[in-house]
Every structure is written in C-alpha cells, then in structure tokens.
Amino acid sequence: MNIKKQFTEGLITQNPVTVQLLGMCSVMAISTSLFNGLGMGLSVLVILTCANVVISLLRKIIPNKVRIACYIVVIAGFVTIVDLALKAWLPDLSESLGLFIPLIVVNCIILGRAESFASKNGVAASALDGVFQGLGYTVVLVIMSVVREFLGNGTFGGGVLNGGQGIRILPEDIPMLGMILPVGGFLTLACVIAAMQYFLARGKKGEKKEEVDEG
C-alpha cells in the first residue's frame, strides 16, 4: 500500500474527472455554486469510501457472475443513507441537488473504483482509494463551482456565506449569466480538463528529459 502514490493518483494523475473522465454529468449540472459543489463532492467522497470498504470486505464471497449487481446494491444502500441524512439535516442542499444524489448509485466513479480497485485490494487500501478519489472529484467540483459562480453571478460562497447569498465581488450587471447555464458547465469543464492534460504532458516531458540527461 503506497499512500503517496494513491494520493497523487486521486488528485492528479488518475483524477476521476479530468483524467478518467468519469462522473461528468453531475459535475456540469450542479457546479453552479460553492454550496452545491461542496455538498455533492463530500457526498460522493463518503459514499465512495464506505462502498469501497464494504466491497473489499466482501470481495472473496461475492460470486463473480453477479458482482456488478452486488456492487450496485451496496452503493445504493449508502446513497440512501446519505440522501436521508441530507434531507434531515441539510434540507436546502438536498433540494438544491435534487435527483443528482439518488443518481450517485449509477455514478461511474463509484462503480468503476469498486470494480477496478476495491474488489482486488484490502480494506485499508480500498478506504484510502475512496478518500483520495473522492477528494480529487471534490476538488475539481469546487474549482468549477467557484469559477462558474464568480463569472455567472459575480459572487463567492453562494449558499454558504452571507446568509446563503454569497459575497458579491462583481456588480450585478457585469457577470455572464451563460456561465451558470449548461453551456457554462461544458466550457468550464473543458478548460479544467485541458489545463490538467497540459500539466500532465509537461510533467512527462520533464521526466523523459531527466532520464536522457542521466543516460
């Protein structure tokens, strides 16, 4: 178990959104405010970590032919718990996220990590994988939420700060409302993915150059 490697993969080299290109529908749909971004990101992180742990514990007794169905049952159980918890303690967030919380059941990030990692590794490694992959998802979601909220509404911290109104940074007549519409989600996500791929490519070139110099 290499904690540093798992951390780097979750946030950078195997980021579920910018590298694996998973879970992009929810990322584009709800990243309109910091409140939504944090809420969705942390929900996925908790569900992903818990599901990974349970699937890792049961990996040796789950029949191979029905493993996907079993994974979905486990994931659905934790999604239900989180959904009910949000409705009980954070009703505003639950209403804002709407159907996207129940749809976490079919989120490719969670099912993908269950199949590719949790079903093949121990409990500790699977738990860390869930935390770091969920953290990578949350970071991208928060970045997109901050950018879209700033450009679309001219505020920061909508739903969290200043009584839920957010802190106004730009005058109301300046922001580009298109940034909080679906097209804004596509444009912002494209820019984030392009930036990540650029830095990853630069890192690979730097590693190759060092290998040549050492040779």
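1. Helices α1 (3–13), α7 and α8 (182–214) each supply at least two residues of the lining of the largest pocket. Helices here are DSSP runs (H or I, at least four residues), numbered from the N terminus. This is a predicted model, in which local features need pLDDT of at least 70 and side-chain atom pairs count only at pLDDT 80 or more, while totals for chains, interfaces and linings use all residues. Residues are numbered from 1 along each chain as its sequence is written, and side-chain values use heavy atoms, with hydrogens and water left out.

2. The largest pocket holds about 170 Å³ of space. A pocket is an open set of points, on a 1 Å grid over the protein atoms alone, where a 1.4 Å probe fits, with protein on both sides within 12 Å along at least five of seven lines; lining residues have an atom within 4 Å of a point. Its volume is the space filled by probe spheres set on the points, which are joined across faces, edges and corners.

3. The lining of the largest pocket includes L11, I12, G136, V139, C191 and M196. By class, this lining has nine nonpolar, three polar and no charged residues. Nonpolar covers Ala, Val, Leu, Ile, Met, Phe, Trp, Tyr, Cys and Pro; charged covers Asp, Glu, Lys and Arg; the others, Gly among them, are polar.

4. Helix α6 (residues 108–118) packs against helix α7 (residues 123–153) at an angle of about 150°, the axes being 11 Å apart. Axes are lines fitted to C-alpha atoms over the stretch in contact, and angles run from 0 to 180 degrees between N-to-C directions. The contact (heavy atoms within 4.5 Å) involves I109, R113, F117 and A118 of α6 with A125, S126, D129, Q133 and Y137 of α7. Five of these residues are nonpolar, two polar and two charged.

5. The axes of helix α3 (residues 34–58) and α6 come within 10 Å and cross at roughly 30°. The two helices are therefore roughly parallel to each other, a term for angles under 35 degrees. In α3, residues including V44, I47 and L48 take part in the contact, and in α6 the residues include I109 and I110. This contact has nine nonpolar, two polar and one charged residue.

6. Helix α4 (residues 67–89) and α6 pack at about 130°, with axes 10 Å apart. R67, I68, Y71, I72 and I75 of α4 meet I110, L111, A114 and E115 of α6.

Notes
Parallel < 35°, antiparallel > 145°, perpendicular 65-115°, else oblique.
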